[in-house]
Amino acid sequence: MGLESGWASTLVACPAILALLLFATGVAAFPGRPQSERTGTALTRRIGWVTRLTACQAVAALVSLTVWAWVHFGRLLGGTSLPKGDVFVEVVVAEQSLLLYDGVSALMLALVSSIGWVICRFSVRYLHGESGQARYFRWTAITIAAVSWMVIAGNLALFVACWVMTSIGLHHLLLHYPERPAARRAAWTIFIISRFGDVALVTASVVLLQQFGTLDFREMFTLVAAWNADTVPLAANVSAGLLIVGAVTKSAQFPLHTWLPLTMETPTPVSALMHAGIVNAGGYLVIRASPLLADAPESLAVLAIFGAMTLLYAAVVMTTQTSVKKRLAYSTIAQMGFMMLQCGMGAFSAAMLHILAHSAYKAHAFLGSGDAVSDAARMVVPDCGRATESRVGRLAAPARVLVTAIVLVAAMAGAFVLLGIDIASKPGGGLLGSVVVLGLGFWNLHTATRFGPVTWMQTMTLSVALCLVYAASFAVVDAAVVDGVGTLRTTTVSFVLSALILFAIIVGGVLQVTFSQALPTPWLHEFRIHAGNGFYVESLIRRLATPLHRDRASSKPSLAAARNDIRNER
Amino acid sequence: MNDNRRDTMTAEGSNTAEGSNTVEGPDTVEGPGHRRGIKNLLADVAEKIAPVWPLKDYIAVNPFAGVSNRKFLDARSFLKVFSDCETLMPLEYYAKRSIRHDFGDAEILSAISEFRYTKILPDDSLGVDDVIATMEGAHVADHARRNFDVIDATDAASSAAFECSTNSQCPTNSQCSKNSQGSTNSRRLIRTFAETLSESHAIDWADFVVDEIGKHCAAHYDGGQAAWASPWKDLPLYEFWQRTAARDRNAHILGLTNFHKFVADLPSTADAAITHLLNRLAVPEHLAAMVLLCQAYSVLGWSAWAKYQSAWSGDPARQDDLAGLLAMRLAYDVALGERFGLNMHWSDISFVDAAHSDAAVDRETLIRLVLLRASEISLRNEIIASLDVSKELPTLAPENCDKARPAVQMVFCIDVRSERIRRHLETDWPELETFGFAGFFGMPIRYIPVGQSGGTASLPVLLQPSIDVREGLRCSGQPPLNGSTHALSRESLDDGADPEDSIIAKRVSIRLWRKSWKWFQTSVVGCFPFVESTGPLFAWKLLGRSLRWTGQTSVGAARLDGVDASFQSRLGPSEETLHTDHWPVQEQADVAEGMLRNLGMIETFARLVVLCGHASQTDNNPLAAGLDCGACGGHTGEPNARFAAMLLNRPMVRNVLKNRGITIPTDCVFVGGLHNTTTDEVSLFDRDHIPASHHDDVAMLLDRARLATVRTRAERAPLVGTADANDLLRRARDWSEVQPEWGLAGNAAFIVAPREMTRHSSLDGRSFLHSYEHKNDFDSSVLETIMTAPMVVAHWINMQYYASTVDNGHFGSGSKTVHNVVGNFGILSGNGGDLQTGLPLQSLQAGGEFQYAPMRLQSIIAAPRDSIQRVITKHPLLQDLLNGQWMHVIAIENDSFFQYAPDGDWVKLER
């Protein structure tokens with residue numbers, strides 16, 4: 001149901017206006033060439049404004065979310081007499097829906113605003129004294145504002161506009177140190193990929209406009225809901241495909257991911273903003289537009305395949321990376337793959353939960369990446385053997401596997417039953433539940449074989465708890481967003497697909513178990529070397545693109561050239 | 001190890017090449033059998049490369065250590081032959097400083113006359129006016145360029161890094177990146193093929209080679225970042241690389257076709273590969289060392305790391321790693337040359353060794369050197385004017401200056417950061433006497449944490465640890481003087497179980513658990529459920545750390561894993577080391593005596609003597625160890641201070657000392673303490689071991705120390721750009737802080753003198769202060785120790801700051817904002833590439849203003865010239881440093897100051 005009274009629209013209007021202010025501050029407070037206030041009190045003051053604005057926006061977004069959740073869950077739990085249906089707020093300007101505030105955008109706005117505040121607060125000291133700090137805050141403010149408006153956009157046109165703005169903001173942030181060649185390479189790669197994404201989205205918009213006569217999300221959703229499976233027009237499939245292409249370009253899906261690991265040439269908080277905020281935009285687009293996509297299961301199946309490929313690829317590459325930030329970058333790619341897999345399977349609520357959880361995790365991981373050295377010290381296990389746990393448990397290996405499997409499957413199933421989640425009715429539920437159980441299972445197996453029975457029991461207990469936490473988080477997020485997302489019909493294809501993907505994921509897990517045990521398998525060593533290079537995707541693309549783009553602006557005649565005789569023998 | 005820096009110092013041509021030695025053509029190339037002993041060649045090259053320590057023991061290293069047997073300017077010329085390293089600040093920098101009256105015409109004149117005297121300046125070619133005109137010309141040109149930038153440049157060009165073109169406040173050498181704005185090094189004779197190719201190719205091969213080497217080194221030395229480690233990590237670097245690179249297709253794909261086959265066909269040892277590759281390049285023998293140096297300096301950071309592995313890690317499997325690195329680097333270059341048809345015409349390289357070509361130094365370089373010297377002279381004059389040398393007058397001979405016994409004596413580390421807190425402590429409380437001493441307090445210990453079999457050396461890297469000190473729980477105090485009973489004995493705790501065992505058990509389970517959790521977090525399948533189920537936890541952590549409710553305080557936290565709160569203050573150096581079964585009391589007394597004599601504390605002992613080590617407190621800072629005590633190998637000074645106090649409180653030791661002429665009164669109590677250099681708090685350890693009779697002294701001291709803390713903070717606050725002294729406390733706990741403290745950025749002088757001389761001068765945290773009484777040092781042995789150990793360490797620290805400032809691209813570590821911890825041992829800048837070795841920009845400057853003023857160390861020693869000269873003559877290292885002007889020595893003798901000039905020439909300074 002639409003909440004239409006005046007107070008309701010403040011829920012979204014408040015944070016939206018704050019975001020707009022943030023945008024304006026970003027543009028106005030840090031003029032293009034801030035020579036005079038590069039450092040000193042004027043700059044400090046302006047940075048203070050921006051940070052406080054993001055704090056206000058974060059508080060406003062969280063308050064709005066709380067109010068919205070109170071109304072929504074109040075209705076859901078039958079506490080109020082409100083009519084059935086989705087709880088949402090629309091801000092309509094000139095008969096066009098400008099802003100849409102429902103479960104999906106409420107959660108996302110709270111996330112983006114909070115992360116925005118964390119990033120700004122972090123950057124006050126982190127970039128202190130840099131001549132580029134003013135420019136940095138300018139583009140950070142603009143980017144955070146653009147993402148904020150993107151998530152609450154009520155129509156696709158505004159969404160796409162903010163999407164493009166975000167990408168431009170990101171481009172400037174990636175070029176924070178423009179003299180670094182790898183920074184330029186990364187920025188321009190994503191710039192080009194993004195423009196393909198833009199074209200896809202604009203084309204999709206045109207097709208959708210043709211079809212529905214409107215780009216308002218809710219109006220389109222209502223029209224789509226009237227269709228039945230047989231009357232889905234071809235254009236719907238085309239637009240769905242284009243939206244998915246747009247999403248894939250944004251979320252670093254294989255093989256368009258190569259720019260992401262190259263972005264460590266820009267300050268750490270930019271990485272945090274990017275990994276916790278901007279790369280999620282692709283997933284968010286799919287979730288937001290999911291009612292339009294639900295009728296194009298083929299496109300979603302393709303998305304799922306891409307997602308699965310990405311997650312497998314990046315998860316394996318991640319395990320070979322030797323620097324903190326690169327490892328985190330490949331971890332993000334893998335997580336984005338998982339998110340897209342969830343979307344492709346139609347598990348939009350699960351994808352939403354994933355975005356929220358992953359953003360918090362990754363923002364913290366990047367900002368705290370300087371802890372690496374002290375973290376290593378915190379993992380040095382005393383080796384004098386006076387009191388180490390006995391490593392050999394009483395149970396034989398197969399028995400351990402069996403016990404672990406039974407406990408975890410029971411825990412996951414129990415958690416779902418307890419929380420009233422009917423896994424069979426949820427698209428992709430079986431697959432995703434299995435991934436959780438598998439992930440925990442491999443972990444338990446690792447502890448069971450490596451550490452003593454005490455640690456193993458602790459691991460198992462915690463695993464059961466994590467199953468519950470996961471199921472509970474899922475239940476909450478699902479209840480919050482379920483009305484705003486599309487429902488995919490479960491088909492035979494999706495079963496086959498699930499089975500294949502599950503198999504692939506098991507292979508990945510087994511691979512890790514194998515290399516953890518360091519068996520002398522020559523092909524595995526060779527495989528590891530290729531994995532360490534990200535299977536050369538970046539180098540291949542770079543090689544193909546090199547004739548088009550020179551790393552060096554010009555080739556200067558040099559002393560060396562004069563002194564060393566350079567003969568090109570060909 | 002510092003010895004072998006010298007022994008084979010004669011590089012190609014340096015001492016052998018008298019006069020002109022323009023070298024003849026390629027017919028001097030000899031076959032593989034004739035190539036000069038490869039081991040000698042590699043030794044020559046190795047000693048010109050300075051090492052870098054892993055982050056957990058990060059200590060200051062002089063990047064010029066390998067070339068400091070040459071004179072300052074010669075070393076510069078030498079480096080310029082095969083690299084683009086910079087050793088002097090640009091003219092613009094001095095123009096800025098001169099505008100701020102940091103030095104004036106008088107100092108420039110002094111510098112010029114000094115250089116004429118020492119024959120650095122040949123004749124009357126340069127006058128003060130020339131220097132000023134050149135400097136101001138550069139300043140004007142610089143200004144014009146900047147203004148032009150302002151009008152014209154695009155956003156991209158304007159922002160060429162943090163400290164570069166847009167930054168009008170601190171001109172630096174183009175240090176933002178090594179390859180920007182092509183340096184104009186007219187002396188460069190030898191280049192890598194990769195560098196040459198980079199100038200005409202779309203792919204920057206020089207960067208590519210550094211990236212590849214970085215990738216392989218990171219995989220080889222990884223300390224736990226990658227869950228899937230290479231199976232060949234235990235092999236020597238070269239063998240590891242050969243196996244890996246023979247399978248790696250990256251170079252092949254990027255255009256260095258069939259590089260993996262090239263690698264597979266190379267000889268299987270590093271030495272053989274280098275010989276083979278040098279022959280393949282037809283490098284004439286006299287240039288081989290230079291060619292290898294050129295290769296090494298093109299990946300200076302990884303070379304430094306390999307040097308550490310070879311020479312300092314003590315692992316015999318790694319002693320050839322530097323050779324391995326050179327072989328790797330050379331292999332890429334040879335492959336590139338062959339792939340793209342490059343040839344070197346070695347006969348065209350007429351190489352006259354820099355050591356004999358002073359005249360060739362260009363005018364601008366000389367002017368920059370004059371300006372450097374002028375700024376040093378300015379500081380020197382300032383310092384010597386502030387010293388109170390009247391105390392040196394013979395009227396205050398030891399026998400008639402029976403000083404009143406001070407209330408408290410505190411021994412601090414010589415670290416420049418101690419100077420402020422010492423001054424404030426003494427000013428406030430004249431009965432308190434402070435000393436300066438190397439912060440390991442003469443305790444050559446290896447500190448072994450509870451439950452570990454190995455430990456960390458907690459002493460200057462120039463020395464070897466000789467005492468293994470286990471960490472353990474000390475018995476609760478049993479005050480000897482009032483005879484009260486055992487408060488808690490070890491056995492009475494924990495139902496008869498040894499509490500240390502229970503700590504170990506808990507620690508094992510905590511840390512195994514962390515490892516397991518980390519595995520879950522980073523595993524192929526586990527990472528997905530990990531993120532989904534624990535995400536909310538991280539939202540909470542983000543909030544907590546952003547609002548600074550919580551922090552992961554770097555070092556201390558891990559040390560206390562598994563230790564109950566009630567035991568934490570008791571965890572420290574264990575008493576078992578001092579058991580005479582393990583360590584005879586005579587030897588214990590040797591260590592104690594050595595310490596007291598070197599410190600000069602042999603007559604007067606206060607009731608309370610505090611040995612105050614120091615440590616920093618930062619969060620989220622991979623370079624944290626760099627802020628800790630360098631004299632303790634980049635660790636906290638806590639174990640040394642506590643151990644020394646324990647040793648000196650032993651009645652048995654005191655008895656032996658008494659027989660050796662050092663009488664420590666029975667009411668004298670030694671206490672270990674810690675100075676937190678970030679917050680300037682002073683704390684004491686093992687307070688329950690202090691007898692009740694001394695509790696009032698301790699209370700009094702802590703009271704005064706709190707006041708000194710507040711005053712020191714107030715003095716430091718403006719330096720970090722804040723009006724609020726409490727901001728310093730925030731910095732210690734803020735995970736986003738890049739300037740938690742200034743570290744040793746103030747360092748410029750090293751004063752070896754009784755405290756009375758410096759007590760009344762405010763040295764602004766610019767000076768290392770070492771206590772020294774010449775009158776007690778009959779045979780100058782203490783002086784010798786000071787000049788060869790702490791002074792050399794101070795020089796290393798000084799040179800680390802100097803080099804990081806003049807050429808951050810080669811010797812520093814760039815901006816902290818793009819730091820990326822690699823393998824848990826080092827820092828990369830951004831995606832990958834070279835290992836970063838020196839100080840980050842944030843430790844040197846803020847808002848474009850340098851906190852550190854690049855100057856060579858000025859050592860001011862209160863001792864007769866003869867004594868100092870004897871020490872210098874005895875130690876070739878000191879001769880090199882002083883004659884080469886890597887540092888300066890000033891003697892204080894009979895109320896007068898004498899500047900050391902090369903070859904034992906002492907010049908009297910007018911005050």
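This is a predicted model: local features need pLDDT of at least 70, side-chain atom pairs count only at pLDDT 80 or more; totals for chains, interfaces and linings use all residues.
Residues are numbered from 1 along each chain as its sequence is written, chains are lettered from A in the order in which they are written, and side-chain values use heavy atoms, with hydrogens and water left out.

The size of an interface is often given as the accessible area lost when the parts come together. Between chain B and chain A, the buried area is about 12200 Å², with 59% of it from carbon and sulfur atoms; buried area here is the accessible area (1.4 Å probe) that two parts lose on being put together, summed over both. Chain B brings 141 residues to the contact and chain A brings 135 residues, where contact means heavy atoms within 4.5 Å.

Three salt bridges are counted between chain B and chain A, a salt bridge being a side-chain nitrogen of Lys or Arg within 4 Å of a carboxyl oxygen of Asp or Glu. Glu737(B) and Arg125(A) are joined by a salt bridge between their side chains, at 2.7 Å from N to O. On the side of chain B that touches chain A, helix α19 (residues 499–522) of chain B gives the largest share, 18 residues; helices are DSSP runs (H or I, at least four residues) and strands likewise (E, at least two), numbered from the N terminus.

Over all chains the structure holds 52 aromatic pairs, for which rings of Phe, Tyr and Trp (its six-membered ring) must have centres within 6.5 Å, with planes under 30 degrees apart counted as stacked, over 60 as edge-to-face and the rest as tilted. The ring centres of Phe64(B) and Trp886(B) are 5.7 Å apart and the planes stand at 40°, so this pair is tilted. Phe64(B) lies in the loop between α2 (38–46) and α3 (72–82) of chain B, and Trp886(B) in the loop between α32 (876–883) and β18 (888–893) of chain B, 822 residues apart. Both Phe64(B) and Trp886(B) are buried, that is, under 20% relative accessible area, with exposed meaning over 50% and partly exposed in between (1.4 Å probe, protein chains only).

Tyr801(B) and Tyr852(B) also form a tilted aromatic pair, at 5.3 Å centre to centre and 45° between the planes. Tyr801(B) is buried, with a relative accessible area of 4%, and Tyr852(B) is buried at 0%.
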